[in-house]
Amino acid sequence: MSVPRTVALLGGSFDPPHIGHVLMASWALCLEDVDEVWLLPTFIHPFGKTLSDFETRCRMCELAISHLGPAARVETIEEELGGVSYTVRTLTALTQREPDVNWRWVGGADTWNQRHTWRDWDTIETMIEPLIVGREGTPTQAPFEDAPILPNVASSDIRARIAAGEPVEGLVPTEVTHVIRTQDLYR
């Protein structure tokens, strides 16, 4: 009998993926006894947020985590499912596709603090075990008050900086910055 593998899911808009996302994925792989980390770009945002092209966001995610090796990858199931991306629907589909995987959910304290706004949160929490990372300036609630604290970096701030012509070096991986510039994103 084989030992089930543990996969940490890191979902988000990734518009663009930034250093905080990369640090969360690295932390989960290095310190949280998971076998793999999958980035799950949102296909259509459940709160109606306008997003850049899905394929472009996926490509930027691939570039952002490529240095982490084969244990980190981008999962496009939300595009396959189509329509609005709801975590409960994604988890159900992943569990049906890979029933022997132990699912973990890695996310920031800011997202964790908003979990009550998610569709069917009561069902989601029975399907996953959370791995919560703190963000500078965001309170982390019990039982995650000892979570590691990462820099306060947000994709919305990065988009605003780019639109204003300000530098984003140090906030997004170099390869992602190259895609943003060559495709003239967020202007």
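**Helix α2 and the overall fold**

Colleague: Why does the span of helix α2 (residues 54-65) agree with its twelve residues?

Modeller: At 1.5 Å a residue, helix α2 should span 16 Å, and its end C-alpha atoms are 17 Å apart, which agrees. The expected span is 1.5 Å times one less than the number of residues. A helix here is a DSSP run of H or I with at least four residues, and a strand is a run of E with at least two, numbered from the N terminus. This is a predicted model, in which local features need pLDDT of at least 70 and side-chain atom pairs count only at pLDDT 80 or more, while totals for chains, interfaces and linings use all residues. Residues are numbered from 1 along each chain as its sequence is written, and side-chain values use heavy atoms, with hydrogens and water left out.

Colleague: What makes α2 mostly covered?

Modeller: Nine of its twelve residues are buried, that is, under 20% relative accessible area with a 1.4 Å probe and protein chains only (exposed is over 50%, partly exposed in between). Among them are Phe54, Met60 and Leu63. The buried residues of α2 pack against α1 (19-31), β2 (36-41), β3 (72-74), α3 (77-81) and α8 (174-182), a contact being heavy atoms within 4.5 Å.

Colleague: How many helices and strands does the protein have, and why is it called as compact as a globular protein of its length?

Modeller: The protein has eight helices and six strands. Its radius of gyration is 16 Å, close to the 16 Å of the globule rule for 187 residues, so the protein is as compact as a globular protein of that length. The radius is taken over C-alpha atoms, and the rule is 2.2 Å times the number of residues to the power 0.38.
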